[in-house]
Amino acid sequence: MTDTASIEVGFIGFGNMAQAMAQGLVSSGALEGAHIHACAAHFDKLQATAEKLGVNAHRDAREVVEASDFVILAVKPYLVEQVVQPVRDLLADKAVISVAAGCDFAFYENILAPNSRHLSTIPNTPIAVGAGVVACEQRHSLSDEELQAFENLFGQIALIEWVDGKLLSTASSVAGCGPAFAAMFLEALGDAGVKHGLPRATAYRLAAQMMMGTAKLHLETGTHPGAMKDAVCSPGGTTIKGVAALEKDGFRGTVIDAIDAIEGE
Ligand SMILES: NC(=O)c1ccc[n+]([C@@H]2O[C@H](COP(=O)([O-])OP(=O)(O)OC[C@H]3O[C@@H](n4cnc5c(N)ncnc54)[C@H](OP(=O)(O)O)[C@@H]3O)[C@@H](O)[C@H]2O)c1
């Protein structure tokens with residue numbers, strides 16, 4: 001399994017998240033579609049999406065598990081137990097990767113066969129363009145070789161971040177739900193640009209590249225976000241006026257409220 005390009009990856013459920021992962025693997029060249037297997041509830045729909053990526057469409061979960069080294073459980077959380085049940089024994093011989101929100105190590109210990117090897121994760125949709133996050137629960141039962149292969153393969157298209165099980169849902173709120181908030185900020189900046197005369201497409205491109213560059217600057221230099229903000233604010237200048245307006249309208253508190261709302265506080 002050390003040669004990641006020959007790993008067989010199977011998806012049980014091939015909706016938004018699974019397609020984003022498959023798209024990321026194929027587009028980046030990390031894995032050819034021929035090494036990816038998928039099943040879903042509606043075979044005709046699956047065939048159409050699988051064909052676009054050159055992925056193998058299978059009629060049921062058993063076929064996917066048999067063809068795969070890694071089996072990614074990518075159905076809605078309430079369906080996980082139901083889809084695992086018929087292939088429970090077959091899964092005992094595979095590396096099982098969960099992407100289902102709220103399904104942690106303890107959950108899988110209850111529903112998988114004894115001594116199964118599994119890892120609970122939360123990816124996000126930017127993985128489709130090789131710029132994702134996969135938050136992983138520190139407690140897992142993959143073998144060392146499987147873990148290495150998982151990191152080598154998905155590390156090509158995502159930042160792999162390990163967190164304690166009780167923080168997986170918060171990691172999911174920040175990185176999994178975050179693309180929706182970032183997209184709202186992008187849209188809002190675009191609207192502001194349009195309000196002041198920029199063509200909409202130009203405004204979105206400017207805002208998107210700015211957001212990507214700011215994130216990259218932080219990731220590559222480790223500079224504190226506050227210091228990055230200060231670096232743009234000259235005394236008496238224009239940027240600090242915008243910062244003050246955002247603070248007056250409760251920008252940070254509103255963002256924190258959004259995460260509190262997800263976490264149920
Ligand atoms: N979307 C995100 O940003 C995101 C982020 C992090 C984690 N997740 C997790 O990813 C998982 C999937 O979410 P999603 O957004 O991709 O959902 P989705 O788009 O609704 O996809 C669900 C998939 O499950 C398939 N399915 C339903 N019943 C099935 C069955 N009995 N056997 C096999 N496949 C079945 C569906 O098939 P049909 O299409 O044929 O109906 C569909 O392909 C969830 O557990 C979620 O918590 C999602």
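My notes on the site and the ligand follow.

Before anything else, I noted that this is a predicted model.

Entry one, the annotation. I looked up the UniProt record, an unreviewed entry, and its "binding site" feature lists I12, G13, F14, G15, N16, M17, A74, V75, K76 and P77. These residues span 66 residues in sequence, but no two of their C-alpha atoms are more than 13.8 Å apart, so they gather at one spot. I then checked the pockets: the lining of the second largest pocket takes in I12, G13, F14, G15, N16, M17, A74, V75, K76 and P77 from that set.

Entry two, two residues from the list. I found N16 in helix 1, residues 16–28, and N16 is exposed, at 70% relative accessible area. K76 is in the loop between strand 4 (70–73) and helix 4 (80–84). I get 58% relative accessibility for K76, which also puts K76 in the exposed class.

Where does the ligand sit? I found the ligand in the second largest pocket. Helix 1 and strand 6 (117–123) are the elements that give two or more residues to the shell around the ligand. There are 21 residues around the ligand, and N16, M17, H42, K45 and V75 come nearest.

I listed ligand oxygen atoms against polar backbone atoms: 2.6 Å to V75, 2.9 Å to F14 and 3.0 Å to A101. On its own the ligand has 910 Å² of accessible area, and the protein covers 78% of that.

Methods
Residues numbered from 1 in each chain as written. Predicted model: local features only at pLDDT ≥ 70, side-chain atom pairs only at ≥ 80, totals over all residues. Heavy atoms only, no water. UniProt positions renumbered as here; feature names shortened; annotations may be inferred. 1 Å grid on protein atoms, 1.4 Å probe; cavity = no way out; pocket = protein on both sides within 12 Å on 5 of 7 lines; lining within 4 Å. Helix = DSSP H or I, 4+ residues; strand = E, 2+ residues; numbered from the N terminus. Buried < 20%, exposed > 50% of the residue type's maximum accessible area, 1.4 Å probe, protein only. Near = heavy atom within 4 Å. Polar contact = N/O pair within 3.5 Å; in protein donor to acceptor, adjacent residues only side chain to side chain. Areas by Shrake-Rupley, 256 points an atom, 1.4 Å probe, with all protein chains shown as cover. Sits in = over half its atoms within 2 Å of the grid points.
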